[in-house]
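Hello,

Here is the structure I promised to pass on to you. Please have a look at it first, and then read my notes below.

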Amino acid sequence: ENVTADPGRLVEEGRVHKSLYSNPEIFAQELDRIFNKTWVWVAHESEVAEAGAYKTAFVGRQPVIVSRDRKKNIHVLLNRCRHRGATVCEGKRGKTRAFTCPYHGWGYALDGELRAIPKPEEYEGVIDKQELPLERLRHESYQGMIFATFNEEAEPLEEFLGGAKKWIDLFMKQSGGYPLQVLGDHRFRFPGNWKIQLENTTDAYHFPIVHKSFISSLDDQTSEVFDFLDGEGFVEDLGNGHSVMVMIPELVDLEANLDDPIPERFAELAEALRAEGHDEAEVRRLVRAVGGSGFNLNLFPNVACSMAFFRVLTPISVDETEIHHVAIGGAGAPAPFNQMRLRLHEHFQGPMGFGTPDDAEGWERVQKGSLAGPDGWILVNRGLKRMAPSADGNPAGAVCSETGMRAAYQMWKRLMSDEAGE
Ligand code: FES
C-alpha cells in the first residue's frame, strides 16, 4: 500500500502510523506542506539586537539569515547567493557590514540588496543588480519572537498563534521584569524524527521515569515541586497545533504570590541580590521569576518554551533532528539572576545535564522501534476520555493527557491532507 498517497489517513483520533517517523517521502511532503507553509520560528529579537547583527537559522531545510540593517529594520533572507547558489553566511551569529559570498565575491547589504560584483564589466548589459537581492521571506514578530514564512497567503502571525499568545505573554515574564534576552545556547542532534521531540514537550507521563536521575539530583524541597503528576495540572489544545502543559498552576503567573516564602534553593540568590543593594520587592520578583513559570508551551511546528529556555528543532532528515537549546534571562537584569538562569538551564538541558540527555535516549528508541515490524501504530490516546473543562472553561485534560500530541497531529493532518497540499 502506498502510504504517502493520502498521508492524512495516517493520523486517527488516538493513534498515528509509524511511517510518520520513518518514511522519507512523508518527510519530503512535510517540508513542502508544513515547513514551507506555516510560520516558523527563526529568532528572538535580542539575538539581533544591534544594527549589523545577524544570526543564521533554518525554515525547514532552507537556510536563512536573520539580520538587522543600519536603520534597525529586521530582515529574513534566504541564505543563497543569486550567482551560483552558495550560502553567503555560515556564521551562527555575529556582526557584519555585509554578506560576501565566499565563492566569487558577490556582496550583499544587510537588507539583502546586491551591492558589489567583482569584475562588473563582464556583467554589463547582462544583469541588473537591483533585480538580484537575496530573496526576502515574509516575517512578523510577537513579543520579540520572530517567525518567518515562505507562504505569502499565510494568515497574520497573531492569528496563527491564536490561543498561544496568552501563554507567550506569561512566558515573557520569566525575564524578571527586564526585556527578555538570549543568554546562550547549545545544539545537538539526535537520531530520530522531529515529531518525536515535538511530542515530548507536553508529555508529563515520562517525567518520573525518564527523569529519575534529575529528580534524585534535587534537594527535597525542589523535588517536591516536580512531583506534579497527581496535581492540578492540565494540558490544553490551543488550536493550530499549539498546546500548553501546565504542570504547576500556582507558578504560572510570576507576578502573583510574591509574599510566599523564598525557597531554600534560591536563598543564596536572594542574599546576593540584597548584597547588590536591590530592595526586597525586586529581590522577591527576581527570585519568583528565576525558577520559571511551571508550564511548557509547544508552538507548532518547531519551538517549545519552558522554564528558562526555548527549544527549537530543525528537521535534518526523516530520522535525524537538530535541537537548539536557548537559555534566557533579562537584558540588564542583575548578574546573579542571569547566572542562576544559566545554571538551571545547564542542570536540566545542558549537554552534561540531568534532563535532556535522558530524553534523547527515549527519542532514539522510539525511532528504532518505528522501523520494527511490517506495520504498526503509535498510541496518542492517553486521557482521551478524561476531558474536563479548565479553569477558564477551555477543553483540557489532566496533566498526563496526550492532548498536546493530538493537537499537533490534527494540525499535521490538516496541512498534509491532499487539499492542503495542492
Ligand atoms: Fe556566490 Fe558565485 S556563488 S558569488
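The domain assignment of the chain gives domain 1 (7–37 + 163–421) and domain 2 (40–142). Please keep in mind that this is a predicted model. Between the C-alpha centres of domain 1 and domain 2 there are 32 Å. Where the two touch, domain 1 contributes 16 residues and domain 2 contributes 10 residues. On the domain 1 side, at least two residues each come from helix H2 (24–35), helix H4 (165–172), strand E12 (180–190) and strand E17 (309–317). That side of domain 1 is made up of 11 nonpolar, four polar and one charged residues.

Next, a sheet to look at. Four strands make up an open, antiparallel sheet, in the order E5-E4-E3-E6. Its edges are strand E5 (74–78) and strand E6 (93–95), each of which pairs on one side only. On average, neighbouring strands here are turned by 25° against each other, direction ignored. Within the sheet, strand E3 (residues 53–59) and strand E4 (residues 62–68) are joined in the antiparallel sense by six bridges; in one of these pairings, Thr56 has Ile65 in E4 as its bridge partner.

Finally, a pair of helices. Helix H9 (residues 267–275) packs with helix H10 (residues 280–290) at an angle of about 145°, and their axes are 10 Å apart. Their crossing is right-handed. From H9, Leu269, Ala270, Leu273 and Arg274 meet Val283, Leu286, Val287 and Val290 of H10. Sorted by class, this contact has seven nonpolar residues, no polar ones and one charged residue.

Best wishes

Notes:
Residues are numbered from 1 along each chain as its sequence is written. This is a predicted model: local features need pLDDT of at least 70, side-chain atom pairs count only at pLDDT 80 or more; totals for chains, interfaces and linings use all residues. Axes are lines fitted to C-alpha atoms, for helices over the stretch in contact, and angles run from 0 to 180 degrees between N-to-C directions. A crossing is left-handed if the near helix is turned anticlockwise from the far one by less than a right angle, and right-handed if clockwise. Two residues are in contact if their C-beta atoms, placed from the backbone, lie within 7 Å. Ala, Val, Leu, Ile, Met, Phe, Trp, Tyr, Cys and Pro count as nonpolar, Asp, Glu, Lys and Arg as charged, and the others, Gly among them, as polar. Domain bounds come from an automatic or database domain assignment. Two strands pair if DSSP finds at least two bridges between them.
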